[in-house]
Amino acid sequence: MNASASEPAKKKPAVVRFLNPASGYLTGYAYTLNPYVGCSFGCSYCYVRRMPIAMFRSEPWGEWVEPKRFEADAFRKEWRKALAKGEVTVFMSSATDPYQPAEYKEGVTRKLLEIMAEEQPQFLLVQTRSPLVLRDIELFERLGDRVRISVTLETDLETIRKKLTPDAPPLAARLRAIRELREAGIPVQAAVSPLLPCSDRFAGIIAANVERVVVDDFFRGDGSGGKRTAQLKMADRYQELGHEALYTPQTADIFLQQLSELMPQGKVYFGQQGFLP
């Protein structure tokens with residue numbers, strides 16, 4: 001018997017599944033799609049911090065990210081199978097940012113979009129806080145009104161961003177991305193989700209730069225009725241910042257009213273409704 005015959009056969013890597021049935025807060029979508037596991041933006045308030053994917057890792061959330069292994073033929077087969085079953089609506093991404101820094105090197109998000117643009121879904125929502133989203137404008141143009149880009153913009157105060165989301169892109173870069181997507185004719189919304197302490201000018205800035213906005217808060221938008229946010233001790237963070245008076249559902253309600261007075265009817269949403277297909 002030769003040496004190679006005695007060696008155990010190497011197992012083929014398992015095929016990576018990208019499409020997962022949507023549920024909970026994302027009921028209304030057929031699938032969620034996360035190109036990465038983990039997120040280097042590591043926002044302090046992120047509800048994923050209280051999910052098993054984050055809690056059972058030795059490294060803190062925000063300090064690790066793994067690209068999913070992409071194989072074009074395997075994903076194309078998975079995608080076509082979903083299309084054959086019926087209406088395909090996809091939320092990308094629910095537990096990571098598809099345009100975090102790893103995307104510059106790995107390009108998983110772009111590879112997925114290229115296939116989706118070939119055989120188009122009924123609807124795709126791309127949720128991000130990164131100006132890297134501008135790289136793929138030509139793919140979004142091909143998807144037309146079947147896509148909506150949702151860009152997170154939780155405040156207009158850089159001092160707050162640096163305290164609560166220090167590794168996320170600067171606010172000015174996100175606002176520029178919103179403007180450029182809008183100028184290119186790509187359906188885009190601002191996601192003030194969750195609303196963080198902001199200036200009195202914030203509602204006006206939103207109204208001047210985007211046609212559609214969704215607002216959410218820590219109490220109704222973390223997928224668990226505020227329990228995950230409570231576990232993350234966001235009330236304590238607000239107190240440290242001297243904004244404890246703003247840590248209440250009424251803060252978002254007031255902001256929502258301000259936006260409604262500045263923007264056309266039907267363009268201002270709260271919570272889950274603003275993210276639905």
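Trainee: Let's begin with the rings. How many aromatic pairs are there?

Mentor: This is a predicted model, and it holds 14 aromatic pairs. One of them joins Tyr-29 and Phe-91.

Trainee: What makes the pair of Tyr-29 and Phe-91 edge-to-face?

Mentor: The ring centres of Tyr-29 and Phe-91 are 5.5 Å apart, and rings pair if their centres lie within 6.5 Å. Their planes meet at 85°, and planes over 60 degrees apart count as edge-to-face. The pair is therefore edge-to-face.

Trainee: Why do we say that this pair ties together parts of the chain?

Mentor: Because Tyr-29 sits in the loop between strands S1 (19-21) and S2 (31-33), while Phe-91 belongs to strand S5, which puts the two parts 62 residues apart in sequence.

Trainee: Are Tyr-29 and Phe-91 buried or exposed, and how do you know?

Mentor: Buried means under 20% relative accessible area. Tyr-29 has 6%, so Tyr-29 is buried. Phe-91 also counts as buried, at 6%.

Trainee: What makes the pair of Phe-202 and Phe-255 stacked?

Mentor: Planes under 30 degrees apart count as stacked. The planes of Phe-202 and Phe-255 are at 25°, with the centres 5.3 Å apart, so this pair is stacked. Phe-202 is in helix H9 and Phe-255 in helix H12, so the pair ties together parts 53 residues apart in sequence. Phe-202 is buried at 0% relative accessibility, and Phe-255 is buried at 3%.

Trainee: Which residues form an aromatic cluster?

Mentor: Tyr-25, Tyr-29, Phe-91, Phe-123 and Phe-275 form one.

Trainee: Let's stay with H9. Which of its residues are buried?

Mentor: Phe-202, Ala-203, Ile-206 and Asn-209 are the buried residues of H9.

Trainee: Why can we say that they are on the same side of H9?

Mentor: Because they cover an arc of only 145° around the axis. These buried residues pack against helix H8 (171-183), strand S8, strand S9 (213-215) and helix H12 (249-262).

Trainee: On to charges. How many salt bridges does the count come to?

Mentor: The count comes to 17.

Trainee: Which other residue meets Arg-135 in a salt bridge?

Mentor: Asp-136 does, at 2.9 Å, N to O. Asp-136 is buried, with a relative accessible area of 0%. Salt bridges with shared partners join Glu-103, Arg-110, Glu-114, Arg-135, Asp-136 and Glu-138 into one network.

Trainee: And what about Arg-129 and Glu-154?

Mentor: Their side chains meet in a salt bridge at 2.7 Å, N to O. The pair links distant parts of the chain, 25 residues apart: Arg-129 is in the loop between S6 and H6, and Glu-154 in the loop between S7 and helix H7 (158-164). Both residues are buried.

Trainee: How do you know that Arg-148 has no salt bridge?

Mentor: The cut-off is 4 Å, and the nearest side chain of opposite charge, that of Glu-211, is 9.9 Å away from Arg-148. A polar atom of its side chain lies 3.4 Å from the backbone oxygen of Leu-276.

Trainee: One last label. Why is Lys-233 called exposed?

Mentor: Exposed means over 50%, and Lys-233 has 52% relative accessibility, so Lys-233 counts as exposed. Lys-233 lies in the loop between helices H10 (227-231) and H11 (234-241), and its phi is near 60°, a positive value in a residue other than glycine.

Note on methods. Residues numbered from 1 in each chain as written. Predicted model: local features only at pLDDT ≥ 70, side-chain atom pairs only at ≥ 80, totals over all residues. Heavy atoms only, no water. Helix = DSSP H or I, 4+ residues; strand = E, 2+ residues; numbered from the N terminus. Buried < 20%, exposed > 50% of the residue type's maximum accessible area, 1.4 Å probe, protein only. Arc of directions from axis to C-beta. Contact = heavy atoms within 4.5 Å. Lys, Arg positive; Asp, Glu negative; His and termini not counted. Polar contact = N/O pair within 3.5 Å; in protein donor to acceptor, adjacent residues only side chain to side chain. Phe/Tyr/Trp six-rings, centres within 6.5 Å; stacked < 30°, edge-to-face > 60°.
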